[in-house]
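Thanks for coming. I have one structure to go through today, and I will take it element by element. Please have a look at it first.

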Amino acid sequence: IASASVDSVLLLDVLEHLHNPVLCLQEVDRVLKPGGVFCLQVPFMYPEHDAPLDYSRWTQFGLRKLIDEFHLEICIEKSFGKPIETAVLFINIALAKILVRWFQRKSLALCFSPVVLSFILLANLFGYILAKLSPEDNMMAHGYRLVLRKHS
């Protein structure tokens, strides 16, 4: 890709899988046109995934420090997940993992799968209602998104 030839770059849930994320950002900086937009999203409080290629988690402060040397303007900065939403996400992932293991092993415990599935549904409903009733709070965000603009 030619230098300064791209209007926008979208990097969703990739940075944590790179050995050297700075090299990736250098390449984004190289190909992005002046005034171009770069959308970067990363998980934060999220279980290890795509092992063994899951290397890091970024806080909002770490992301700002990482992109600071590239002189990008932050247009939008967003965190995802109120504390209850992040907690329910972890419950869902843990229970889904249990169900998969029971299925893989053809375990007799599979007879409890309707109970586990019902619990997942209730946890989601409970989490949704509590999240709607609670104020914004990114203390336990499960991810962050930055929309950045390259200086002209």
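This is a predicted model: local features need pLDDT of at least 70, side-chain atom pairs count only at pLDDT 80 or more; totals for chains, interfaces and linings use all residues.

**Helix packing, core and loops**

I start with helix α1, whose buried residues pack against β1, β2 and α2. Those buried residues are Pro21, Cys24, Leu25, Val28 and Val31. Looking down the axis of α1, they fall within an arc of 130°, so they line one face of the helix. As background, an α-helix has 3.6 residues a turn, so residues three or four places apart point the same way.

Now the overall layout. The chain contains four helices and four strands. Read from the N terminus, the order of elements is β-α-β-α-β-α-α-β. For 152 residues the globule rule gives 15 Å, and the radius of gyration of the chain is 19 Å, well over that value, so the chain is more spread out than a compact globule. Along the principal axes, the C-alpha atoms fill a box of roughly 60 × 40 × 20 Å. Of the 152 residues, 34% are buried. Taking contacts between residues at least 6 apart in sequence, 81% join residues at least 24 apart.

Next, helix α2. Here Gln60, Leu63, Leu66 and Ile67 are buried. Their arc, seen down the axis of α2, is within 120°, so these residues also line one face of their helix. What do the buried residues of α2 pack against? They pack against α1, β2, β3, which is residues 72–80, and β4. Phe61, Lys65 and Asp68, on the other side of α2, are exposed.

Nonpolar side chains tend to be buried together in soluble globular proteins. In this model the largest nonpolar core has 22 residues. Val9, Leu15, Phe38, Leu40, Val42, Leu63 and Ile67 are the ones with the most contacts inside it. Which elements each supply at least two residues of this core? They are β1 (6–12), α1 (21–31), β2 (32–43), α2 (60–68) and β4 (143–150).

Leaving out residues up to four places away in sequence, Phe38 touches Val9, Leu11, Leu25, Val28, Leu32, Leu72, Leu146, Val147 and Leu148.

Now helix α4, residues 113–133.

A word on cysteines. How many disulfides does a search of the whole structure find? It finds zero. Cys24 is in no disulfide, and the nearest cysteine sulfur to its own is that of Cys39, 13 Å away. Cys39 is in no disulfide either, with the sulfur of Cys75 the nearest cysteine sulfur at 10 Å. Cys39 has 14% relative accessibility, so it counts as buried, the cut-off being under 20%.

Last, some backbone points in the loops. Most residues other than glycine have a negative phi, and most peptide bonds are trans. In this model, the peptide bond from Ala51 to Pro52 is cis, with omega near 10°. Pro52 sits in the loop between β2 and α2. Asp50 lies in that loop between β2 and α2 as well, and its phi is positive, near 50°. Is Asp50 buried or exposed? At 54% relative accessibility, Asp50 counts as exposed, because the cut-off is over 50%.

Lys106 also has a positive phi, near 50°. Its place is the loop between α3 and α4. Its relative accessibility is 70%, so Lys106 counts as exposed.

That is what I have; please go back to the structure for questions.

Notes
Residues are numbered from 1 along each chain as its sequence is written. Side-chain values use heavy atoms; hydrogens and water are left out. A nonpolar core is a set of buried Ala, Val, Leu, Ile, Met, Phe, Trp, Tyr and Cys residues joined through side-chain atoms within 4.5 Å. Buried means under 20% relative accessible area, exposed over 50%, partly exposed in between (1.4 Å probe, protein chains only). Contact means heavy atoms within 4.5 Å. A disulfide is a pair of cysteine sulfur atoms within 2.5 Å. The radius of gyration is taken over C-alpha atoms; the globule rule is 2.2 Å times the number of residues to the power 0.38. The arc is that of the directions from the helix axis to the C-beta atoms.
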